[in-house]
Amino acid sequence: MSHATQASESTDSVTPPPNTELLLAARNLFCERDDRVLFKNLDFAVRPGQVLQVRGSNGSGKTTLLRIVCGLNDSYEGELSWCGEPVADVADDFYANLLFLGHRVGVSKALTPLENLRWTCTLNSAVDDAELLAALATVGLRGFEESQCFTLSAGQQQRVALARLLLSPARLWVLDEPFTTLDVRGVTQLEAMLHNHAAQGGSVLVTTHHPLNVPDLEVLDLG
Amino acid sequence: MVERIDSRPRSSTTTTAFVATLKRELILAYKRKHDVVNPFMFFLIVATLFPIGISPEPERLSLIAAGALWIAALLASLLAMDNLYRADYEDGSLEQMLLSPQPLYFMVLAKNIGHWLVSGLPVVLVSPLIAYMLSLPEGSYMTLFLTLLMGTPVLSLLGSIGVALTVGLGSRGLILAVITLPMSVPVLIAGTMAVTETQNGASLAGYLAIMGALLLGTLTLAPLASAAALRISVS
């Protein structure tokens, strides 16, 4: 009932990444929730340098799919592979190269943006404070580094989470509705970040209802 | 316009991630002081009620002093446990911890240690004072202090399993107590027996060995169980 739609456009603006093998591949995914089939026979693949938008109406299983990819949901059937190997066999490499941003963005309201970012980044990679401050300034949080996050707006909290994108060495970004609370400038900036990541050979799996302005966008329709 | 700050892939070590998680736990405790102060005050109040409810006579109080202190410490630990993973679950930090390439065992252990430092340790430190109020027989202070020092981390580590199992549930009510208290009973028995039996001339070393075994056992196994329970709760 659902299948990957390859809506690839011409690739003149992005230099093709040197490594063209598949980064992430899903084969024959099946997921059922409360006796309702969310998707079956779902195949898709993410190449280095590809931005793949997962589209679908509310309740079509976009978030579930993203959580399955990340290993946060194991109630599915099918195969997931990372660089050609089953994810379970290369879990260390997979998680070292995965950045997930969910509905709940992982920003503690009691902590400051700096403390939040420091912890979430340290879980994956070594960062120093100068880099953290630079990343926060880039996402427009200069002057808010030391305010507790409950004093910030939802969009600003989202930006704290987005600052991780600037610091993470991860090759695969899995972003669940990252645009929802952002203002117009934030949207443009995030689109530029996605494009930049893809141009450097990274891959993005993103759900959004927002029309994405990213070159070479491909779409996976969940119906 | 948007540049990656640093494209060198430098991975963090388990040690730095462990230290960062421990630090975060302590900062969070500092910022949410009521979470720390409430269980401590609860411990003081429960312990204070015993002389009022039973008898202020030192002879009768001294019989129940060790047990009363242990029960108060156990209940205070239970009260403190509830917020160990809940805020992290609600704001998504827990998912980030689960998706870290670092072993979840050490992240959970760091959270447990941080949590015990702010909720268990104050209870241990103030226990000799409360024991004096409850007319604990002289000579038992060191026994009580040492067994609490080794026993309260066990309570925290066991409680962590229960909290991890129930963190995804909407309304939990008493389910945490139902899961956690039966597991805590051996610690309670060992702790109170150590105090009463050493008063009768038994050697302290044996009881400390039992407490030490309980502590080492839970220290190695409980975070594994908590980690597995967290994975179930999040999915």
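Two residues are taken to be in contact if their C-beta atoms, placed from the backbone, lie within 7 Å. By this criterion, A:Leu98 touches A:Cys70, A:Ala170, A:Leu172, A:Val174 and B:Leu99, with residues up to four places away in sequence left out. The model is predicted.

A:Leu98 also belongs to the largest nonpolar core, which holds 126 residues. Within this core, A:Leu98, A:Val174, A:Leu205 and B:Leu69 touch the most other members. Chain B supplies the largest share through helix H3 (residues 58-81), which gives 13 residues. On the side of chain A, domain 1 (21-97 + 171-223) and domain 2 (112-169) both give residues to the core, so the core lies between them.

The overall form of chain A was examined next. Chain A has six helices and ten strands. Its C-alpha atoms fill a box of roughly 50 × 45 × 35 Å along the principal axes. The radius of gyration of chain A is 17 Å; a compact globule of 223 residues would have a value near 17 Å, so the two agree. Of the 223 residues of chain A, 45% count as buried.

The domain assignment divides chain A into domain 1 (21-97 + 171-223) and domain 2 (112-169). Their C-alpha centres lie 23 Å apart. Nine residues from domain 1 of chain A and seven residues from domain 2 of chain A form the contact. On the domain 1 side, helix H6 (residues 184-199) of chain A gives the most, with three residues. That side comprises six nonpolar residues, two polar and one charged.

The contact between the chains takes 38 residues from chain A and 32 residues from chain B. Several elements of chain A give two or more residues each: helix H2 (91-96), strand S7 (98-101), helix H3 (113-122), helix H4 (129-138), helix H5 (154-167) and H6. H3(A) provides the largest share of the chain A side, five residues. By residue class, the chain A side divides into 20 nonpolar, eleven polar and seven charged.

How values were computed. Residues numbered from 1 in each chain as written. Chains lettered and ligands numbered in written order. Predicted model: local features only at pLDDT ≥ 70, side-chain atom pairs only at ≥ 80, totals over all residues. Core = buried A, V, L, I, M, F, W, Y, C linked by C-beta atoms within 7 Å. Buried ≥ 20, exposed ≤ 12 C-beta atoms within 10 Å, placed from the backbone. Helix = DSSP H or I, 4+ residues; strand = E, 2+ residues; numbered from the N terminus. Domains from an automatic or database assignment. Nonpolar A, V, L, I, M, F, W, Y, C, P; charged D, E, K, R; others polar. Rg over C-alpha atoms; globule rule 2.2 N^0.38 Å.
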